[in-house]
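User: Take a close look at the strand pairing, and follow it through to the charged pairs and the packing around it. Please give the cut-offs as you go.

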Amino acid sequence: MRILTYATSSDDLKRCAVLESVHEVLLEPAWLAREGRLPQDRVESLAVEARTLGLHPILVWDILLPERVLEQLVPELQEVNWSLFDAVRVNDVGAAQWLQSYLPEMPLHWNVETGNHNLDGLQLWCELLAPSLERLVLSIELPEEKLIEYCQVLPVPCELLGAGRILLFYSPRSLLAKHLSRQDESTHRYEAVVASEHSNFKPMPTLETQHGTFLFLDKDQFVLDRLERVLASGLHTVRLDLRHLSEPGHAATELQDVVEQAITQPDQLRKSWPRPTRATFFKANNTTGQFSKMKAKHHAFRDAASLAEILTSDKPDYLVIRVLRDFQVSEAQLLMVPSGEVAPLSSPLQARTLQGELVEVATQGQILVTNWVKMACTGALLRREAGGG
């Protein structure tokens, strides 16, 4: 397992360097990285130190860039010592294009965690960003089977978040500052826990930087205990994000223990993780999986025996029904309520048109008024006897 993590201090780099499975570190300058807090000169000095320790420094440039912002940054970008970094991680097409134009030899890591989850889209990015593209950072919303397929089919290595915070919401606007006293004037950084009735008052960690506001789930992503098949299929790198669990000034305080347990005792690591964990999408994307459970059971019985559906009822006066198929009114013998329970009609059915004309043969699509029957309710089905008609 190749592991990648963040570093913001010399101690972080030393923790990474003693681990055989850690080959790269992510360095975040405050002006280019959404959660970055380091000045550029400090990032560059850490890059030098990382290489001295045998690590590959990767510059994080993951802010989104309106055209005017990119134009403003160009003079500063031209002052960066790009030769200190082995790759640059980007989220923005403009950033990727700028790098390809001015630094065509610089390897790119393209982050597609929040978009392009389909194979066609990912393959197109591989074509558009070639030959600079070195890696795709895949979304945690992909189920295991898709991750396996993508790792086998895509022409570049893939990376996945193994453990870390789950971003729920991002806005480029400042949403915290006006409600809080200034916490870090030098980096415009505010941290808080927010809750609302819409989320059942769950405490959601929230961060604001100069690049916007980020809302995180109150549980962490954790798939380190179930990566065997994905790794076997060719997953190149597993990212550990320990920034929110580390001591101030550091980004990988407990890295050594986490890595050792991830390799030898991943199940125990999950149990001892400081925050509740989830792997919501890993086994299957169940976004629509609950729809069938939300349907009333009787929907599964809309077969040839189902004659009409009750649209409304006014006990004890009448029912309004919609005819599902042509039938003799005398054929209606049973009532199936939404729970799936079936009972004989409490009285013979008599049907009339909305104009009051008596009907003996109902026609598909008709709206009819009938006498009320016991147990009738909206959504119930009128059915013929099994085997009838």
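Analyst: Strand S18 (residues 351–352) and strand S21 (residues 367–371) run antiparallel and are joined by two bridges. Strands here are DSSP runs of E with at least two residues, helices are runs of H or I with at least four, and both are numbered from the N terminus. Two strands count as paired if DSSP finds at least two bridges between them. Ala-351 has Thr-370 of S21 as its bridge partner.

The model is predicted, so local features need pLDDT of at least 70 and side-chain atom pairs count only at pLDDT 80 or more, while totals for chains, interfaces and linings use all residues. Residues are numbered from 1 along each chain as its sequence is written, and side-chain values use heavy atoms, with hydrogens and water left out.

S18 and S21 belong to an open sheet of eight strands with antiparallel pairing, in the order S17-S16-S22-S13-S14-S21-S18-S19. Its edge strands, S17 (342–344) and S19 (358–359), each pair on one side only.

Parallel pairing is found at strand S3 (residues 56–61). Four bridges connect S3 with strand S2 (residues 22–27) in the parallel sense, and Val-25 stands opposite Pro-57 in S3. Between S2 and S3 the chain passes through helix H2 (residues 40–52), a right-handed β-α-β crossover. Right-handed means that, with the strands pointing away from the viewer, the path from the first strand over the helix to the second runs clockwise. S3 also pairs in the parallel sense with strand S4 (residues 87–90), again over four bridges, and Val-60 has Arg-89 in S4 as its bridge partner. Helix H3 (residues 67–77) carries the chain from S3 to S4, and this β-α-β crossover is right-handed too. Five of the six residues of S3 are buried, where buried means under 20% relative accessible area, exposed over 50% and partly exposed in between (1.4 Å probe, protein chains only).

Arg-89 also takes part in a network of salt bridges, together with Glu-24, Glu-113, Arg-135, Glu-159 and Arg-239. A salt bridge is a side-chain nitrogen of Lys or Arg within 4 Å of a carboxyl oxygen of Asp or Glu. Glu-24 is found in strand S2 and is buried at a relative accessible area of 8%. Leaving out residues up to four places away in sequence, Glu-24 touches Arg-2, Ile-3, Leu-4, Thr-5, His-56, Ile-58, His-109, Arg-135 and Thr-237, contact being heavy atoms within 4.5 Å. Glu-159 lies in strand S7 (residues 158–171) and Arg-135 in strand S6 (residues 133–137), 24 residues apart. Both Glu-159 and Arg-135 are buried.

The structure holds 24 salt bridges. One of them joins Arg-37 and Glu-191 at 3.9 Å, N to O. This pair spans 154 residues, from Arg-37 in the loop between S2 and H2 to Glu-191 in strand S8 (residues 190–194). Arg-37 is partly exposed at 37% relative accessible area, and Glu-191 is partly exposed at 44%. Glu-191 also forms a salt bridge with Arg-189, with 3.7 Å between the closest N and O atoms. Arg-189 is buried, its relative accessible area being 8%.

Nonpolar packing comes next. The largest nonpolar core has 79 residues, with Trp-61, Trp-82 and Leu-136 making the most contacts inside it. Such a core is a set of buried Ala, Val, Leu, Ile, Met, Phe, Trp, Tyr and Cys residues joined through side-chain atoms within 4.5 Å. Apart from this core lies another of 22 residues, including Phe-327, Ala-332, Trp-372 and Val-373. Beyond its neighbours within four places in sequence, Trp-82 is in contact with Leu-59, Trp-61, Leu-77, Val-88, Trp-98, Leu-99, Leu-103 and Met-106.

For the protein chain overall, the secondary structure comes to 10 helices and 22 strands, and 50% of the 389 residues count as buried. The C-alpha trace spans about 90 × 50 × 45 Å along its principal axes.
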